[in-house]
Amino acid sequence: MTSQQPFALKGAIIHTPTFDRFEYYTDAYLLCQNQKVLGIYEELPEQYQGIQVIDHTGNLIIPGMCDLHQHAPQYPFRGLGQNIEKPDWDSWFDLYAFPEESRYQDLSYAKKAYTKLVNDLLRTATTRVCTFATIHRPATELLMELLHQSGLCAYVGKVNMDRNSAPGLLETTEETLAETRLWLENCADKYPNVKPIVTPRYTPSCTDAAMEGLSALMNEFQVPVQSHLSEGPDEITWVHQLMPDIDFYGQAYDRFGMMGTTQPSLMAHCVFSKEEEIDMLCRNQVMIAHCPDANLNYSGTAAPILKYVRRGGRVGLGSDVAGGRTLNLFRIILEAIIASKVHWSYCERTGAPDEKRDVLTLANAFYLATKGGGAFWGKVGSFEPGYAFDAVVLDDSRITDFNERSVYERLERMINIGDDRETKEKYVNGRCVYRKGADSDHKEPA
Ligand code: FE
């Protein structure tokens, strides 16, 4: 089967064309043509009677999910360092993040670790990721090559750090800009589905000179930018010390054109954003990567994500591995719902203006994981006609019971207790990239 020929998946189809509601079909056909969704049909239209139908009757079919924030090199220590309370967050960097990231100077280690990550990603319901690599250009290029071979779609960032870093991870300003330029020259047009994204780690790790140079590269190569924004109070205080003339953290990026004014921008966390920062995020259509798993555990705080949505902001979900614990976006959907309840409860107790119960529904959170985050790529994350054909077939027989359940209930249970064991088949841009049990669970060749 080539991706140019129309074909159909048959099964129980569910998606969120709008933020507020699921649309689902108990038994229908999802048609693909030219890598795009042609539509959902309860009966095959006359002109498509002869096409290949891949029968998944009894299984669920959902749009592929988009993980907007993860740190690929931190995957080996996922699940560790999650319970450090004292001295503080710095020890997480010192004990785990920086020592692990420094290992990626060794390409053979990078190959082992990144291969494991990519193979594990293939088994999840995620079809697209935005990920930080490390400062190391060769290992970053290797990660891009591995993602390309997997068939997944990705934005990958060579990380920049020319101050406040750790031994083995500190570049000079000249080095970080020269290596970023070389990396962009090497990969800007190399892969159809794996693209570079300029990635200053965050303001404290990049001098103004580095940010100026990165901004110029971002515009020269016409690539987007990703970073961290307002994740914790200590970080915000530090940014104000480094840049005393700013009124809020977002201005530290905005003065270099990194808040959506020149190229698309993706900012992770946005937990403690001030009103002016929220206005800027929404006005400039900066994509917010909401990472509730990491936020709740790190700061015990929930980002006011519905406020962003209500103001017309763009929001998707991020695992933030390995500040977050899992690649499984089903867990992140649940955490997003819980985080919204924590936020509402806090507002109610403190008498804040948005005290009316306004929390994420399952449809809302599923939308953020699919169409919300998918918007960073364009028409992605929905089964509406013209959207990229990213589809995941889920076999929920392991977690089913002996009662008739609606498609909604089956998805609800999948999100609550399902994981990569349920992934049966996965398509990205109309191409099957994973089939359970095939080739040791690795990708299906094109
Ligand atoms: Fe992060």
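Leu317 lies in strand 14, which covers residues 314-317; strands here are DSSP runs of E with at least two residues, helices are runs of H or I with at least four, and both are numbered from the N terminus. The model is predicted, so local features need pLDDT of at least 70 and side-chain atom pairs count only at pLDDT 80 or more, whereas totals for chains, interfaces and linings use all residues. Residues are numbered from 1 along each chain as its sequence is written, and side-chain values use heavy atoms, with hydrogens and water left out.

Leu317 counts as buried because its relative accessibility is 0%, the term buried meaning under 20% relative accessible area, exposed over 50%, and partly exposed in between, with a 1.4 Å probe and protein chains only. When residues up to four places away in sequence are not counted, Leu317 touches several others, including Cys66, Asp67, Leu68, His69, His290 and Ile332, where contact means heavy atoms within 4.5 Å. Gly373 is 56 residues from Leu317 in sequence, yet their C-alpha atoms are 6.4 Å apart in space.

His69, one of the residues touched by Leu317, is also a protein donor of the iron ion through NE2, together with His71 (NE2), His228 (NE2) and Asp320 (OD), at 2.1 to 2.7 Å from the ion. Donors are N, O and S atoms within 2.8 Å of the metal (3.2 Å for Na, K and Ca), and sites may look incomplete because water is not among the atoms. The spacing of the donor residues in sequence is H-x1-H-x156-H-x91-D. Within this set, His71 in strand 5 (residues 65-71) and His228 in strand 11 (residues 225-229) link distant parts of the chain, being 157 residues apart, and both His71 and His228 are buried.

Ser150 belongs to helix 3, which covers residues 137-150, and is buried, with a relative accessible area of 2%. A polar atom of the Ser150 side chain lies 3.0 Å from the backbone nitrogen of Leu152.

Taken as a whole, the protein chain contains 13 helices and 17 strands, and 60% of its 446 residues count as buried. Among contacts between residues at least 6 apart in sequence, 72% join residues at least 24 apart.

Key:
A polar contact is a pair of N or O atoms within 3.5 Å; within protein, one must be able to donate a hydrogen and the other to accept it, and residues adjacent in sequence count only if both atoms are side-chain atoms.
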